[in-house]
Amino acid sequence: MTALASRDFDTTYAGPARVPAYEREGIVPGVVHLGVGAFFRAHHAYYTDLLLEQGLGRDFGICGVGVLPQDAGMRDALTAQRGRYTLLAKDTGVREARVIGSIVDYLLAPDDPQAVIDAMASPSVKIVTLTVTEGGYYFDPTSGEFMAEHPDVAHDLANPAAPRTHLGLLAAALRARRAAGLPAPTLLTCDNIEGNGHVFKRAMVAFAHLQDPELAAWIEATASFPNTMV
């Protein structure tokens with residue numbers, strides 16, 4: 001089992017690995033996460049794994065999504081292991097290896113953006129979480145204005161059916177949910193930004209307003225963007 005750990009962590013370990021004590025078949029993806037990096041794998045996915053081990057949260061399995069072409073390596077590693085990976089933890093000199101089983105599907109948006117849109121538009125999905133770094137919200141660091149002319153944003157505004165960014169993917173999924181009479185999922189960022197939920201909402205509404213003002217109004221009125229502490 002490939003150990004997908006942080007590059008800053010010494011991955012030398014010769015002991016046994018704890019494996020999931022729960023049946024993974026039948027776990028429903030209730031969460032879609034954009035940006036399956038080391039932080040997400042060591043925290044969100046880990047705590048979901050703990051929940052599943054208690055016999056809870058079987059409708060909160062995780063569908064991981066890679067948004068960028070360079071996420072192909074993560075796609076290859078996780079797909080080969082049916083979403084599982086080994087988490088190495090160190091606490092006061094004690095090391096533990098644990099196979100995490102909470103990621104039940106993985107999609108790479110450049111391969112098939114519609115598959116990602118469909119996943120987020122699914123009635124089973126209650127939460128969309130993301131870790132896309134501060135630059136992923138497309139605010140000009142000098143003016144603070146939304147960068148509508150950024151090449152990727154401009155592409156998504158002109159090509160709503162083939163988006164490149166998480167904002168374009170989300171707009172398409174939210175549009176589909178609205179058309180189907182489904183509520184917006186909770187939209188939760190885990191990026192280390194002050195007032196990160198406010199930042200995410202501002203970016204999402206700004207993008208949607210440029211593409212579909214009615215969708216923007218629906219998002220602003222109905223979608224929840226909690227602030228989180230990372």
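Colleague: Is Phe225 buried or exposed?

Modeller: This is a predicted model. A residue counts as buried under 20% relative accessible area. Phe225 has a relative accessible area of 8%, so this residue is buried. Phe200 also counts as buried, at 0% relative accessibility.

Colleague: How is a pair of aromatic rings described?

Modeller: One gives the distance of the centres and the angle of the planes. In this structure, a search of the whole model finds four aromatic pairs. One of them joins Tyr137 and Phe200: the ring centres are 6.0 Å apart and the planes stand at 70 degrees, so the pair is edge-to-face. Planes over 60 degrees apart count as edge-to-face.

Colleague: Which parts of the chain does the pair of Tyr137 and Phe200 tie together?

Modeller: Tyr137 belongs to the loop between β7 and α5, while Phe200 is in helix α7; the pair therefore ties together parts that are 63 residues apart in sequence. Both Tyr137 and Phe200 are buried.

Colleague: What arrangement do the rings of Phe200 and Phe225 adopt?

Modeller: Their planes are at 85 degrees and their centres 5.1 Å apart, so this pair is edge-to-face. Ring pairs join Tyr137, Phe200 and Phe225 into a cluster.

Colleague: Where does the charged end of Arg41 sit?

Modeller: The charged end of Arg41 is placed over the ring of Tyr85, 5.9 Å from the ring's centre. Lys126 lies over the face of Phe60, at 4.9 Å from the ring centre.

Notes:
Residues are numbered from 1 along each chain as its sequence is written. This is a predicted model: local features need pLDDT of at least 70, side-chain atom pairs count only at pLDDT 80 or more; totals for chains, interfaces and linings use all residues. Side-chain values use heavy atoms; hydrogens and water are left out. Rings of Phe, Tyr and Trp (its six-membered ring) pair if their centres lie within 6.5 Å; planes under 30 degrees apart count as stacked, over 60 as edge-to-face and the rest as tilted. Helices (H or I, at least four residues) and strands (E, at least two) are DSSP runs, numbered from the N terminus. Buried means under 20% relative accessible area, exposed over 50%, partly exposed in between (1.4 Å probe, protein chains only). A charge sits over a ring if NZ of Lys or CZ of Arg is within 6 Å of the ring centre and within 35 degrees of the ring normal.
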